[in-house]
Amino acid sequence: MSFDPKLQPRYSGIPTFMRTPYTTELSEIDIALIGVPFDGGVTNRTGTRHGPREVRNQSSLMRTVNQSTGVAPFELCRVGDIGDAVPDSPFELTGAHDSIQAFYEPVKAAGLLPISAGGDHSITLPILRAMAKDGPVALVHFDAHCDTGDNYLGSRFHHGSPFKIAVEEGLIDPKRTIQIGIRGGLTDPNQWKFSYDSGMRVILIDEFYQMGVDAVIEEIHRVVGDARTYVTFDVDGLDPVYAPGTGTPEVGGFTTFEAQKMIRSLADLDIIGADVVEVAPPFDPSGVTALVGATMMWELLCVSAVALQRRRG
Ligand code: MN
Ligand code: MN
């Protein structure tokens with residue numbers, strides 16, 4: 001399957017991610033772009049169920065060559081939009097997670113590399129349940145929050161807990177997990193105790209700026225090494241001046257350029273999948289957060305295409 005995005009104006013047509021062809025024929029593609037319009041795991045302001053549609057819209061601004069790295073992902077891999085992982089029961093959380101996982105099972109079986117747009121951060125758990133079933137993967141996690149919380153208001157499953165559950169289920173290796181950009185107040189000093197106790201590398205935003213972004217990039221590579229790696233990007237890791245349209249903003253975050261620099265460094269990792277989560281269009285009247293989400297997805301596509309091509313020799 002080939003496509004030429006230069007054939008029609010970018011404001012026209014039915015929006016798919018980055019104007020790639022929509023397809024349900026998994027054998028036609030190498031990288032699957034997927035929307036997960038679900039926010040049943042949100043603890044405060046909802047709205048990320050509208051994320052995929054707005055990210056698709058803003059992603060029409062993406063082009064075909066990464067000017068900074070020279071990577072042209074559509075020349076390296078066949079890329080398609082395979083639609084939305086719509087839960088069968090969107091108002092019932094564990095059932096919704098089950099149907100999100102079911103959407104990814106054939107993606108995994110076909111050997112595709114998925115790059116997803118959420119949705120709240122709870123969606124990464126069912127994605128990992130499908131993609132990491134053959135053993136724990138390393139995790140590069142950009143976020144203001146560790147998301148390794150426990151039972152909250154009677155539920156273990158919410159957008160503040162996916163990575164605790166992912167460790168308990170053997171989906172991620174905590175010693176090969178790095179969490180970057182962590183900040184904000186806590187409701188309990190031990191809120192992210194699980195991250196530290198399990199051996200995750202937690203980089204608070206304070207340490208991020210003491211180290212500098214180049215040293216953070218080195219630290220990502222030291223922690224992850226050559227392990228199969230999933231990358232998850234919560235837009236609230238960015239400072240809310242760059243990404244105001246999100247449910248749980250925390251001031252004092254990293255910049256869009258720092259995020260791009262970090263993602264661009266990941267091309268030599270063995271990436272098996274990635275996502276961008278927590279874009280909430282109801283709080284994003286200018287569309288800038290959806291544009292930022294689409295741009296981070298594009299950066300993730302570029303490094304994933306390089307990683308996939310290297311893995312295939
Ligand atoms: Mn998160
Ligand atoms: Mn967060």
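**Figure 1. Cys77 and Cys302, two buried cysteines.** Cys77 is buried, at 7% relative accessible area; buried means under 20%, exposed over 50% and partly exposed in between, with a 1.4 Å probe and protein chains only. Cys302 is also buried, with a value of 2%. The whole structure holds zero disulfides, a disulfide being a pair of cysteine sulfur atoms within 2.5 Å. For Cys77, the nearest cysteine sulfur belongs to Cys302 and is 10 Å away. For Cys302, the nearest cysteine sulfur is that of Cys77, 10 Å away. The model is predicted: local features need pLDDT of at least 70, side-chain atom pairs count only at pLDDT 80 or more, and totals for chains, interfaces and linings use all residues. Residues are numbered from 1 along each chain as its sequence is written, chains are lettered from A and ligands numbered from 1 in the order in which they are written, and side-chain values use heavy atoms, with hydrogens and water left out.

**Figure 2. Helix H9 against helix H10.** H9 spans residues 256-264 and H10 spans residues 288-311. Helices (H or I, at least four residues) and strands (E, at least two) are DSSP runs, numbered from the N terminus. Two packed helices are described by the angle between their axes and the distance between the axes. Here the axes come within 9 Å and cross at roughly 20°. Axes are lines fitted to C-alpha atoms, for helices over the stretch in contact, and angles run from 0 to 180 degrees between N-to-C directions. H9 and H10 are therefore roughly parallel to each other; angles under 35 degrees count as roughly parallel, over 145 as roughly antiparallel, 65 to 115 as roughly perpendicular and the rest as oblique. On the H9 side, the contact is made by Thr256, Ala259, Gln260, Ile263 and Arg264. On the H10 side, Val292, Thr295, Met296, Glu299, Leu300 and Val303 take part. Contact means heavy atoms within 4.5 Å. By class, these residues are six nonpolar, three polar and two charged. Ala, Val, Leu, Ile, Met, Phe, Trp, Tyr, Cys and Pro count as nonpolar, Asp, Glu, Lys and Arg as charged, and the others, Gly among them, as polar.

**Figure 3. Helix H8 against H9.** H8 covers residues 213-224. Its axis and that of H9 come within 10 Å and cross at roughly 35°. This crossing is right-handed. Val213, Asp214, Val216 and Ile217 of H8 meet Glu258, Lys261 and Met262 of H9. The contact has four nonpolar, no polar and three charged residues.

**Figure 4. Helix H3 packed on helix H4.** H3 (residues 93-109) and H4 pack at about 35°, their axes 8 Å apart. The crossing is right-handed. H3 contributes His97, Ile100, Gln101, Tyr104, Glu105 and Lys108. H4 contributes Pro126, Ile127, Arg129, Ala130 and Met131. Six of the contact residues are nonpolar, two polar and three charged. H4, residues 124-131, is mostly covered, with eight of its eight residues buried. Among them are Thr124, Leu125 and Leu128.

Figure 5. Gly119 sits in the loop between strand E3 (113-118) and H4. Thr48 is in the loop between strand E1 (31-36) and helix H1 (51-58). Its relative accessible area is 0%, so Thr48 is buried.

**Figure 6. Asp147 and Met18, two residues with positive phi.** Most residues other than glycine have a negative phi, and most peptide bonds are trans. Asp147 has a positive phi of about 55°. This residue lies in the loop between strand E4 (137-142) and helix H5 (162-168). Asp147 is buried, at 3% relative accessibility. Beyond neighbours within four places in sequence, its contacts include His121, His141, His159, Trp192 and Asp234. Asp147 and Pro87 are 60 residues apart in sequence and 22 Å apart in space, C-alpha to C-alpha. Met18 has a phi near 60°. Met18 belongs to the segment before E1. At 3% relative accessibility, Met18 is buried.

Definitions and conventions
A crossing is left-handed if the near helix is turned anticlockwise from the far one by less than a right angle, and right-handed if clockwise.
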